[in-house]
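Please keep the sequence and the coordinates at hand while reading.

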Amino acid sequence: MRKMMKRLAVLVPLLCLMVCAAAQAEWSELFGDAYAQQFQLSSLKDQIVTCYAMDGHTVYGMTAKGAVYTYDCETAAYALFTQLPAQPDIDFEKKPSEATKQAMGEAVSYLLFDENHELYGFNSTTGLLGKVDANGIQWQDTAVDTSVFYNPGGYYPEISFCQPQIIGDRLEGWIVPDIDGTSCTWVSLSLTDGSCTATEIPGAFQLCRYRDDTLLALVLTKDKTMALNVYDRSGACVRSYEGALPALQAGDAATVFDLQSIAGALAYDAASGTVYLMDESHLYVSRDGGAFEALEGTTPWLPPMNYSRLQLGDNDTVLVNGQWLWQ
């Protein structure tokens, strides 16, 4: 009886810890009312986060006016980090004035991290990168070729750079080059000579970097079903992903943008070997090549759109579209 009581005395606290850990895993709105109230942000331009990046347990979000706020996932604390030059208001149909050109050339288009956890800003007009700290941004000298971000005859870089990241001496991510197209393109920009390598992944409508220098892609197959495949950097299919996909129905969807309203962004966490995938009602995880399983809890977002993004932090923390946090 004494041995049993000792075992119970050990087990009960462990069970309590497990219950508490499970209870803490939930969705929360990141840049919502609490953040707006703390910094007394009244206008939409002051509040709305237009680009964001996550590293470890910290989220960085830049507003339409260029203010960069941080959120610490461990302490649930917000802070004003720095001020960056923001994108000006533009009319995509009109040729830019000299003042607009100058503002576009100084603005931060995206926030991203390198492998050393350094925060950078990227300007998709000039092709320049710069390190970001509490004093602002310090632009570097080498510009990359940004022609892939322009539509034919366009005045501005209208094509979104999806989930950019610095890998070694390259800036990488992916684009949807044609609004009516049926494929995504992986973009690799050299930070030494500025050259651009663009690799089309046939039938792909979601992409992410995967292990062993490969790419993971959600594709629409010839028989109109969805598949998850592994590709090399030349765009050749290496194999199918081991884990079974959730029941995703393509229906009549054919273009990349149509399909992205059914199945949202992909992301891969190399540290835990976990693949994440979202649809209109769930966030799914596949661990070590296993079948995708839905995380519990009602998802707060609207159906995914072509701009849906996932970013990953420590301890299975997931950021959806810079707004909804799972931890």
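S183 sits in the loop between β11 (170-175) and β12 (184-190), where strands (E, at least two residues) are DSSP runs numbered from the N terminus. The model is predicted, so to speak of local features requires pLDDT of at least 70, side-chain atom pairs count only at pLDDT 80 or more, and totals for chains, interfaces and linings use all residues. Residues are numbered from 1 along each chain as its sequence is written, and side-chain values use heavy atoms, with hydrogens and water left out.

Beyond its neighbours within four places in sequence, S183 is in contact with P177, E200, I201, P202, G203, A204 and V256, contact meaning heavy atoms within 4.5 Å. The side chain of S183 makes a polar contact with the side chain of E200 at 3.2 Å (N or O atoms within 3.5 Å, one able to donate a hydrogen and the other to accept it, residues adjacent in sequence counting only if both atoms are side-chain atoms), and a polar atom of that S183 side chain lies 2.9 Å from the backbone nitrogen of G203.

| Buried residue | Relative accessible area |
|---|---|
| F149 | 0% |
| F161 | 2% |

Across the whole structure, a search finds 20 aromatic pairs (ring centres of Phe, Tyr or Trp, the last by its six-membered ring, within 6.5 Å; planes under 30 degrees apart are stacked, over 60 edge-to-face, the rest tilted). The rings of F149 and F161 have centres 4.9 Å apart and planes at 50°, so this pair is tilted. Both F149 and F161 lie in the loop between β9 (136-143) and β10 (162-167), 12 residues apart. Ring pairs also link F31, Y35, F39, Y69, Y71 and Y78 into a cluster.

How values were computed:
Helices (H or I, at least four residues) and strands (E, at least two) are DSSP runs, numbered from the N terminus. Buried means under 20% relative accessible area, exposed over 50%, partly exposed in between (1.4 Å probe, protein chains only).
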